[in-house]
Amino acid sequence: MGLIVKNVNKYFGDKHVVDNISFSLEEPGVFGLLGTNGAGKTTTIRMILGIIKKDSGEITWNGKAVTRGNVNFGYLPEERGLYPKSTIYDQLVYFANLKGLDKRAADKAVKMWLDKLNLMEYINSPAEKLSKGNQQKVQFITSMLHDPDLIVLDEPFSGLDPVNTEILSKIMKDLVKSGKYIIMSSHQMSVIEEFCSDLVILNRGKTVLSGNLKEIKDSYETNKVLIETTDEIDGILKKLKVDVLDKNDDEYLVSADADNRRKLLKELVKNNIDVKTFKVIKPTLHEIFIEKVGE
């Protein structure tokens, strides 16, 4: 049954910061929670985690009201939460103890996760000596030591270089395969597109878009077509009055509706143009996000 958030509201004084939000994670996977700064994302996360109380609505896990006692949470906040002077090992063991692991289990979990994230060489280093990216990985470990069932990640790839991004990406995919439920909040639209099958976009506390990402993108009409060819096609485009939106080396991004796409493709074939790619370009999540909250 997973996590269900139904008609949840939260006020801070007279300000309605979360306005009747509903969404659900009914099977393992990654769910995207998006919005501009101040949209209500963090407040929603904190209500799910039981850090603050909702004013109305329901938040349930496997059919029961969410409490710290019946849901095994893992939470990676956007803000840094490490002790700068303490060694990585000492504070990870401490966090593991807080989650109920005994000394032996904590030691095993800490070393396993440090090894997974290529951090063993820093096991006895104070946190302040680590780079921003490595501190981010350590903080990710703190959210995973107790093998949580529901994981909330706020900007998990912040500060990571491409190599470490790839490492964390693989771990995320392994977590989904192992049956974990993950909520991810990020301003990196490419990250959301890679991992999230379903999402909700918030703006000023309200839901402005929700559902399956592929279905959302498929619902958008698009007139953009990507053509890749080493042949000269400017004359054909001009003849058919096709607007070129962008041109880069052997790629043309043009504007053409369904009828003009058929005419264009027919004309390219007729002129024996070596077309390597002729692809209708769906809007990116970035473009959809800007459309919904850009005002």
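This is a predicted model: local features need pLDDT of at least 70, side-chain atom pairs count only at pLDDT 80 or more; totals for chains, interfaces and linings use all residues.
Trainee: What does V280 touch?
Mentor: Leaving out residues up to four places away in sequence, V280 touches T222, K224, V225 and R261.

Trainee: And how far is V280 from A39?
Mentor: The C-alpha atoms of V280 and A39 are separated by 32 Å, and the two residues are 241 residues apart along the chain.

Trainee: Which sheet has β14 in it?
Mentor: β14 belongs to an open sheet of four strands, in the order β12-β13-β11-β14, and the pairing there is antiparallel. The edge strands are β12, residues 243–248, and β14, each of which pairs on one side only. From one strand to the next, the twist averages 20 degrees.

Trainee: How many bridges join β11 to β14?
Mentor: Five bridges join β14 to strand β11, residues 224–229, and the two run antiparallel; within that pairing, L226 stands opposite K279 in β14. Helix α9, residues 258–270, packs on the sheet, where it touches β11, β13 (251–255) and β14, and its direction makes about 175 degrees with that of β14.

Trainee: OK, switching topic: what about the six strands that form an open sheet?
Mentor: Their order is β6-β7-β8-β3-β9-β10, and the pairing is mixed. β6 and β10, the latter being residues 206–212, are the edge strands, each pairing on one side only. The twist in this sheet averages 15 degrees from one strand to the next.

Trainee: In what sense do β3 and β8 pair?
Mentor: Strand β3, residues 29–35, and strand β8, residues 181–185, pair in the parallel sense over four bridges, and G32 stands opposite M184 in β8. On its other pairing, β3 is joined to β9 by five bridges, and those two strands run parallel, with F31 standing opposite D198 in β9.

Trainee: How do β9 and β10 pair, then?
Mentor: β9 and β10 pair in the antiparallel sense over six bridges, and the bridge partner of D198 in β10 is N212. The two strands form a hairpin with two residues between them, and R204 in the turn has a positive phi of about 55 degrees.

Trainee: Why call β9 largely enclosed?
Mentor: Five of the six residues of β9 are buried, so the strand is largely enclosed by the rest of the structure.

Trainee: Which helices lie across β3?
Mentor: Helix α1, residues 41–48, lies across β3, β6, β7, β8 and β9 (198–203), and runs at about 135 degrees to β3. Helix α5 lies across β3, β7 and β8, running at about 145 degrees to β8.

Trainee: Why does the span of α4 agree with what it should be?
Mentor: At 1.5 Å a residue, the 13 residues of α4, which are residues 132–144, should span 18 Å, and the end C-alpha atoms are 19 Å apart, which agrees.

Trainee: Which residues touch the most other members in the largest nonpolar core?
Mentor: That core has 51 residues, and F140 and L145 touch the most other members. Leaving aside neighbours within four places in sequence, L145 is in contact with L92, F95, A96, L101, A109, V110 and W113. Apart from that core lies another, of 26 residues, among them V18, F23, I59 and V71.

Trainee: Last one: where is N9, and is it buried or exposed?
Mentor: N9 is in strand β1, residues 3–12, and at 10% relative accessibility N9 counts as buried. A polar atom of the N9 side chain lies 3.3 Å from the backbone oxygen of N7. Not counting residues up to four places away in sequence, N9 touches H16, V18, D19, N20, M47, K54, D55 and S56.

Notes
Residues are numbered from 1 along each chain as its sequence is written. Side-chain values use heavy atoms; hydrogens and water are left out. Buried means under 20% relative accessible area, exposed over 50%, partly exposed in between (1.4 Å probe, protein chains only). A polar contact is a pair of N or O atoms within 3.5 Å; within protein, one must be able to donate a hydrogen and the other to accept it, and residues adjacent in sequence count only if both atoms are side-chain atoms. Contact means heavy atoms within 4.5 Å. The expected span of a helix is 1.5 Å times one less than its number of residues. Two strands pair if DSSP finds at least two bridges between them. Axes are lines fitted to C-alpha atoms, for helices over the stretch in contact, and angles run from 0 to 180 degrees between N-to-C directions. A nonpolar core is a set of buried Ala, Val, Leu, Ile, Met, Phe, Trp, Tyr and Cys residues joined through side-chain atoms within 4.5 Å.
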